[in-house]
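This report is for a reader who is meeting the structure for the first time. Please look through the sequence and the model before reading on.

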Amino acid sequence: MSLGKTEVKYISRLTQIDVREEAVEGVAEKLSNILELFAQMEAADTKDVLPMAHPLDAVQRLRVDVVTEVDQHEKLQAIAPAVAEAHYLVPQVIE
Amino acid sequence: MSWEVVIGLEIHAQLTTKSKIFSGASTAYGAAPNTQACPIDLGMPGMLPVLNQAVIGKSIILGLALDAEIGKRSVFDRKNYFYPDLPKGYQTSQFEFPIVGQGKLEIELEDGSKKVIGVTRAHLEEDAGKSVHGLVPGQTGVDLNRSGTPLLEIVSDPDMSSAKEAVAYAKKMHELVQYLGICDGNMQEGSFRVDSNVSVRRPGEPLGTRAELKNINSFRFIEKAIEIEIERQIELIEGGGTVVQETRLYDADNNTTRSMRTKEDANDYRYFPCPDLLPIIITDEEIEAIRATLPELPDAKRIRFVSEFGLSEYDASVLTSSRAMAEFFEKVVELTEAKDIKLCANWMTSGFSAALNRDSLSVEQSPVSAEGLAGMILRILDNSISGKIAKQVFEAMWNGEGSADEIIDVKGLKQITDTGAIESLVDDVLANNPEQVEAYKAGQTKMLGYFVGQIMKASGGQANPGQVNKMLVSKLK
């Protein structure tokens, strides 16, 4: 399977990773090579293999349902680029 | 040619935990902005989530109530999308291995028939934050208090074929999660959110394109929104148009739905297993231990109230409409030693419910306890007060004036059962109404009601009506 320019631009938008126009072709080739490897792996019989969820053979540790965190918003907002009325400010998302 | 409607619901039930799903920050509603968002909720680099154990039991108990398969090995995945109220750039959710698998829920339709709705799955996920617009012109404010709040997303099969069926299912699920104590069901505060996927097709044809109706916080509006959306889609197709897959918002003021944003890339969430979380393994022993704590479910309770207590279907359904209501009623029955269950049921469904409605209170907030109501019913049963006086006593109890006994005592409401006292009341009324007595004796037997009324009035409503009647009849012979 190989990726074309259109797909690269689509993925770039989804991931919010800026790919310059002149680099699109090179990225398409590199990604296609990676997909090539997946295609090769697909030849392996995985019928009875459970999909791996985590490389560690361990079980999730749990915490008891108690509140352990205190309000630190002043400290945390001190490093935010912009704050108003205790809200983090970001560029407007809805017109 | 007719149309077939296909509806599936996605319900987000906020689980009743004290802390968030992956952090120790509080989930309490209504706190000042960002005071309950810790570095994990903010998605700070290097922060690692640790799963709250309470969410597992709460998910399993719902799975058991839905007769569903429990995911003995369930996995968290990252659902990737960019939005300012999601600082990590992904929502931790479950995809391929949810904690609750295929199950079912039986609903009752308007004509009394039953229909089984399939539940595809229920998976755990974290809620996102909240965007606030208009705080500063040209900018969006973000409050991350809600970020990381535990949600159980319950996805139905596309089994419903009308707005009424969809609402019946949503209501049933709403009742169930509250019975199980896993969600407070508060729709105004967003603890129980219903998204409806609606599509239409010609009978026998493949499924049509669906539109999703989001953020509707009342059952009445869900029903209206679905109805109006069905009409819109049919008109659109019959007019030669095509339905596009999108999210639509319901505008209650104009009773219309409008497009929110096209979900052009929506299906490309690029799910993959979350490397920060290990799989959850649930043993059969754990499942059985939770099964042992499963409360009696609403349907079973309703059937028992009819068979064991001899209540009507209607009374049984009102009395099991919430777990708190059912438990209150059962306590009243127990405290009155089941001497007159019908009387207890009547007081619960009329006086008590009416007072709750009038003051917009829930059963839990009732100023009259089960002990209080039972105490008053016992006084009706031992003839200390009549049903009419009981209403007065109940109001006084509701206003915090004390127990039934105290109120009866202080206000002197004890029913007059003394034969001598009743006799003198009867004699007075008969002596003062000679014409009516003549009329009665001439055959106008309905005059009896008039005399009873006069006597009750003279006694301030305290004479025992049964005794009054008996004495009148014998004196008028």
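## Chain A

Along the sequence, chain A has the pattern α-α-β-α-β-β, that is, three helices and three strands. Helices (H or I, at least four residues) and strands (E, at least two) are DSSP runs, numbered from the N terminus. The model is predicted: local features need pLDDT of at least 70 and side-chain atom pairs count only at pLDDT 80 or more, while totals for chains, interfaces and linings use all residues. Residues are numbered from 1 along each chain as its sequence is written, and chains are lettered from A and ligands numbered from 1 in the order in which they are written.

The radius of gyration of chain A is 22 Å, whereas a compact globule of 95 residues would have one near 12 Å. This radius is taken over C-alpha atoms, and the globule rule is 2.2 Å times the number of residues to the power 0.38. The C-alpha trace of chain A spans about 55 × 45 × 25 Å along its principal axes. Of its 95 residues, 9% count as buried. A residue is buried if 20 or more other C-beta atoms, placed from the backbone, lie within 10 Å of its own.

## Where the chains meet

Chain B has 42 residues in contact with 32 residues of chain A (C-beta atoms, placed from the backbone, within 7 Å). On the chain B side, β2 (51–52), β8 (130–133), β9 (139–143) and β16 (280–281) each supply at least two residues. The largest share, five residues, comes from β9(B). This side of chain B has 22 nonpolar, 15 polar and five charged residues. Ala, Val, Leu, Ile, Met, Phe, Trp, Tyr, Cys and Pro count as nonpolar, Asp, Glu, Lys and Arg as charged, and the others, Gly among them, as polar.

Strand β1 (residues 62–63) of chain A runs parallel to β2(B), joined by two bridges; strands pair if DSSP finds at least two bridges between them. Arg63(A) stands opposite Asn52(B) of β2(B).

## Cores of chain B

The largest nonpolar core has 71 residues, and Ala13(B), Leu62(B), Ala166(B), Tyr169(B) and Ala170(B) touch the most other members. Helix α2 (residues 163–179) of chain B gives the most to this core, ten residues. A nonpolar core is a set of buried Ala, Val, Leu, Ile, Met, Phe, Trp, Tyr and Cys residues joined through C-beta atoms within 7 Å. A second, separate core of 33 residues includes Met325(B), Trp347(B), Phe352(B) and Ile389(B).

Technical notes:
Contact = placed C-beta atoms within 7 Å. Buried ≥ 20, exposed ≤ 12 C-beta atoms within 10 Å, placed from the backbone.
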